[in-house]
Structures are given as C-alpha cells and as structure tokens.
Amino acid sequence: MTKKVAVLLSEGFEEAEAVIVIDVLRRMEIEVELLSCQDRLELRSYHQIRMFADALLERRMDQLYDAVVIPGGPQATAAMAENELVVEFIRRHDRAAKLICPLCSAAARVLAANKLLQGRRYVCSGDLHQEIEDGTYVAERVVEDGNLISGQGLGAAFDFALTVAYRLTGDRTTTQEQAVHIYHENWQAPQAVH
C-alpha cells in the first residue's frame with residue numbers, strides 16, 4: 001500500500017526544506033500532498049517564491065496520513081503555532097502514532113509552543129531550544145524518538161527526508177540507492193538487525 005504524507009505550508013515557509021522533502025519522498029514513490037494552512041492555495045515562500053498547495057488543510061481535517069511534515073520558516077511556523085486547525089491536525093496524527101516530522105524551527109515554534117513534544121527527544125534550528133521545557137534537545141542533524149522525526153534545518157534536509165522515507169517504507173536498499181543517486185553521501189541506511 002502506498003504511503004501518504006501531508007506537507008503543511010503556510011505563508012513564509014522555507015521553500016528549499018519543503019521541496020527537498022517532497023522530491024525525496026516522491027522519488028521513493030510516496031504520495032505527497034501539500035496542504036495550505038491558510039484560506040488559499042497560492043502561497044509565497046520565505047524568499048518570495050510563489051507555490052501552490054494541492055488542497056486546503058481545512059478540507060483534509062478528517063483524513064489520516066502516514067506522516068505529517070512541517071517545514072520551517074519563521075513567519076510560517078509562528079502562524080502555524082497559532083492555527084487551531086494545524087494544532088488539532090498534528091495532535092490527531094500523533095495520537096494515531098503517525099510520523100510527526102518537524103524541520104528547522106517547526107519543532108520549537110509549532111510543537112513545543114503547543115505542548116506537542118511531550119518530553120520526546122528532538123532537534124531544531126539555532127538556539128530556539130533554550131526556551132523549551134516540553135522536550136529534550138539533542139544537537140544532531142536528525143533526531144528520532146518514537147514517531148517523532150525532527151531535523152535541524154535546511155542543511156540537514158536531505159538526511160531528514162531520507163530518514164522519513166526509510167521509516168515510511170522500511171526499504172533500506174531503495175532508500176540507500178536514492179541517497180547514492182542524488183550524490184548525498186552523508187546518509188546511510190541503518191544496518192539490518194538480525
């Protein structure tokens with residue numbers, strides 16, 4: 001069965017983080033749907049690039065995805081933190097043990113701001129973690145804790161995307177082949193446990 005991922009976008013989202021994740025997941029034949037957390041499909045990114053979401057979040061509130069990806073961007077994550085639909089959407093997926101995947105500032109600004117880290121280990125960008133009491137900060141590129149996969153920022157976006165893809169598919173060989181194919185030499189599939 002094809003895995004399905006929701007990527008949450010709000011005005012000012014970090015476009016490179018979003019596109020890298022979308023690209024890697026689609027290479028792995030994972031279905032990705034871009035959901036606008038605002039009242040329109042056309043959004044401007046952090047660097048003023050116009051992009052279109054596939055659907056409005058409000059129209060997908062009753063749908064359950066295998067993972068929810070939340071790219072960074074200061075304006076976007078601040079807006080998402082205050083958006084009740086976003087918070088409920090993430091909370092419902094977390095309760096259902098679906099993957100929750102914040103990148104860059106999203107772990108701090110969206111999850112921690114709404115008590116959604118729940119003591120789990122995470123990483124975020126910069127020094128945002130210094131004011132967070134909801135989780136345990138770990139200074140690594142990608143941190144996994146149960147169904148939470150967090151990424152440090154744009155520089156870790158490929159590691160983050162490949163980790164999410166591997167967790168969704170469990171396909172070590174294909175994920176590693178994709179890492180090699182895109183010349184991303186940092187990411188290595190976890191060794192098989194016997």
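Modeller: Contact means that heavy atoms lie within 4.5 Å. Helices (H or I, at least four residues) and strands (E, at least two) are DSSP runs, numbered from the N terminus. The model is predicted, with pLDDT of at least 70 required for local features and 80 or more for side-chain atom pairs, while totals for chains, interfaces and linings use all residues. Residues are numbered from 1 along each chain as its sequence is written, and side-chain values use heavy atoms, with hydrogens and water left out.

Biologist: Which residues of H5 does H1 meet?

Modeller: The axes of H1 and H5 come within 9 Å and cross at roughly 35°; such axes are lines fitted to C-alpha atoms, for helices over the stretch in contact, with angles from 0 to 180 degrees between N-to-C directions. On the H1 side, the residues involved are Ile20, Val21, Val24 and Leu25. On the H5 side, they meet Ala157, Phe158, Phe160, Ala161, Leu162, Val164 and Ala165.

Biologist: In which hand does H1 pass H5?

Modeller: A crossing is left-handed if the near helix is turned anticlockwise from the far one by less than a right angle, and right-handed if clockwise. By that convention, the crossing of H1 and H5 is right-handed.

Biologist: Is Leu25 buried or exposed?

Modeller: Leu25 belongs to helix H1, residues 15–27. Apart from residues up to four places away in sequence, Leu25 touches Val5, Ile30, Val32, Ala161, Val164 and Ala165. Buried means under 20% relative accessible area, exposed over 50%, and partly exposed in between (1.4 Å probe, protein chains only). The relative accessible area of Leu25 is 0%, so this residue is buried.

Biologist: How far apart are the end C-alpha atoms of helix H5?

Modeller: The expected span of a helix is 1.5 Å times one less than its number of residues. Helix H5 has 13 residues, 157–169, and should therefore span 18 Å. The model agrees with this expectation, since the end C-alpha atoms are separated by 18 Å.

Biologist: How many residues of H5 are buried?

Modeller: The buried residues include Ala157, Asp159, Phe160 and Tyr166. H5 is mostly covered, and of its 13 residues the buried number is ten.

Biologist: What is the relative orientation of H5 and H6?

Modeller: The axes of H5 and H6 come within 9 Å and cross at roughly 160°. The contact is made by Leu162, Tyr166 and Thr169 of H5 with Arg172, Thr175 and Ala179 of H6. Angles under 35 degrees count as roughly parallel, over 145 as roughly antiparallel, 65 to 115 as roughly perpendicular and the rest as oblique. The two helices, H5 and H6, are therefore roughly antiparallel.

Biologist: With which residues is Gln178 in contact, leaving aside its neighbours within four places in sequence?

Modeller: Gln178 lies in helix H6, residues 172–181. A relative accessible area of 17% makes Gln178 buried. Beyond the excluded neighbours, its contacts are Arg27 and Met28.

Biologist: How many disulfides are there?

Modeller: A disulfide is a pair of cysteine sulfur atoms within 2.5 Å. The cysteine sulfur closest to that of Cys104 is in Cys124, 8.4 Å away, which is too far for a bond. Both cysteines are buried, Cys104 at 14% relative accessible area and Cys124 at 1%. The count of disulfides is zero.

Biologist: What distance separates the C-alpha atoms of Gly153 and Gly73?

Modeller: Gly153 is in the loop between strand E11 (148–151) and H5. At 10% relative accessibility Gly153 is buried, and beyond four places in sequence it contacts Glu17, Leu103 and Cys104. Gly73 lies 80 residues from Gly153 along the chain, and their C-alpha separation is 9.7 Å.

Biologist: What is the phi of Glu29?

Modeller: Most residues other than glycine have a negative phi. Glu29 is in the loop between H1 and strand E2 (31–36), and at 65% relative accessibility it is exposed. Its phi is positive although the residue is not a glycine, at about 60°.

Biologist: What value is phi of Lys115 near?

Modeller: Lys115 is placed in the loop between helix H4 (106–111) and strand E8 (121–122). With 61% relative accessibility, Lys115 counts as exposed. Phi of Lys115, a residue other than glycine, is positive and near 55°.
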